[in-house]
Amino acid sequence: MKCPNCSYLRKSEDIAAKWQCPECGIAYNKFQTRTMDLKTKNHDYIRTNENAAKIKSSYNKTLLSIGLLLVIIGLSNAQIIQFICAVLISISILVFARDMLITEYCIGQFNRLVRKEDSPFMYKFEVICAYGLAAWSLFLGIKCVF
Ligand SMILES: [Zn+2]
């Protein structure tokens, strides 16, 4: 038996238990399970990585468009322009909320990506906040016209 951890080849005179490597002391089958776990995790990560990239770029786009629209609102005196910008802000937040639902990721503290399954409360909170903000922006837009 060759140890999957340290590659020590078991000799017949070795006195350690049969399930255990005499050299490094690891349990043969435990080590195999652990490497299997790591492989599955890694696979999961690669699978969700596409989503991670997607939500990150969606987040950056949303911030950029909100920033630009806020500048236009600040510069413009025309109510109709302000209204259109507020509607566009609302739409970009809605798109971001939709992307959060699709990718099952949200943006945590310091721009860190957070998976829904790792922090379900934070995820739900952010999705609800996004919808709330979108509604609020729409409400402000309507208010400045009427
Ligand atoms: Zn070993």
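**Ground rules.** I am reading a predicted model, so I took local features only where pLDDT is at least 70 and side-chain atom pairs only at pLDDT 80 or more, while totals for chains, interfaces and linings use all residues. Residues are numbered from 1 along each chain as its sequence is written.

**Confidence.** I looked up pLDDT, the predictor's confidence in each residue, from 0 to 100. The protein averages 87, and 90% of the residues score at least 70. A reminder to myself: where pLDDT is low, the predicted coordinates should not be read in detail.

**Overall layout.** I found three helices and two strands, in the order α-α-β-β-α from the N terminus. These are DSSP runs numbered from the N terminus: helices are H or I with at least four residues, strands are E with at least two. The C-alpha trace spans about 90 × 25 × 20 Å along its principal axes. The radius of gyration is 26 Å, whereas a compact globule of 146 residues would have one near 15 Å. That radius is taken over C-alpha atoms, and the globule rule is 2.2 Å times the number of residues to the power 0.38.

**Burial.** I counted a residue as buried if 20 or more other C-beta atoms lie within 10 Å of its own, exposed if 12 or fewer, and partly exposed in between, with C-beta atoms placed from the backbone. Buried residues make up 16% of the 146 residues.

**Helix H2.** H2 covers residues 79-103, and its 25 residues reach 36 Å from the first C-alpha to the last, close to the 36 Å expected. The expected span is 1.5 Å times one less than the number of residues. Its buried residues include Cys-85, Ile-89, Ile-93, Phe-96 and Met-100. Just after H2, Glu-104 takes a positive phi of about 60°.

**The core.** Which residues have the most contacts inside the largest nonpolar core? They are Ile-89, Ile-93, Phe-96, Ala-97, Met-100, Cys-106 and Ala-130, in a core of 14 residues. Helix H1 (28-75), H2, strand E1 (105-107) and helix H3 (120-145) each give two or more residues to this core. H2 gives the most, with seven. By a nonpolar core I mean a set of buried Ala, Val, Leu, Ile, Met, Phe, Trp, Tyr and Cys residues joined through C-beta atoms within 7 Å.

**Helix H3.** The buried residues here are Tyr-123, Glu-126, Ala-130, Ser-137 and Gly-141. They pack against H2, E1 and strand E2 (113-115). Ala-130 touches Ile-93, Phe-96, Ala-97 and Met-100, leaving out residues up to four places away in sequence. A contact needs C-beta atoms, placed from the backbone, within 7 Å.

**Two residues compared.** Is Asp-99 buried or exposed? Asp-99 is buried, because 21 other C-beta atoms lie within 10 Å. It sits in H2 and touches Lys-54, Ile-55 and Ser-58, not counting residues up to four places away in sequence. Its C-alpha is 9.8 Å from that of Val-127, 28 residues apart in sequence.

Leu-75, in H1, counts as exposed because it has 8 C-beta neighbours inside 10 Å. The C-alpha atoms of Leu-75 and Ile-26 are separated by 68 Å, with the two residues 49 apart along the chain.

Key
Two residues are in contact if their C-beta atoms, placed from the backbone, lie within 7 Å.
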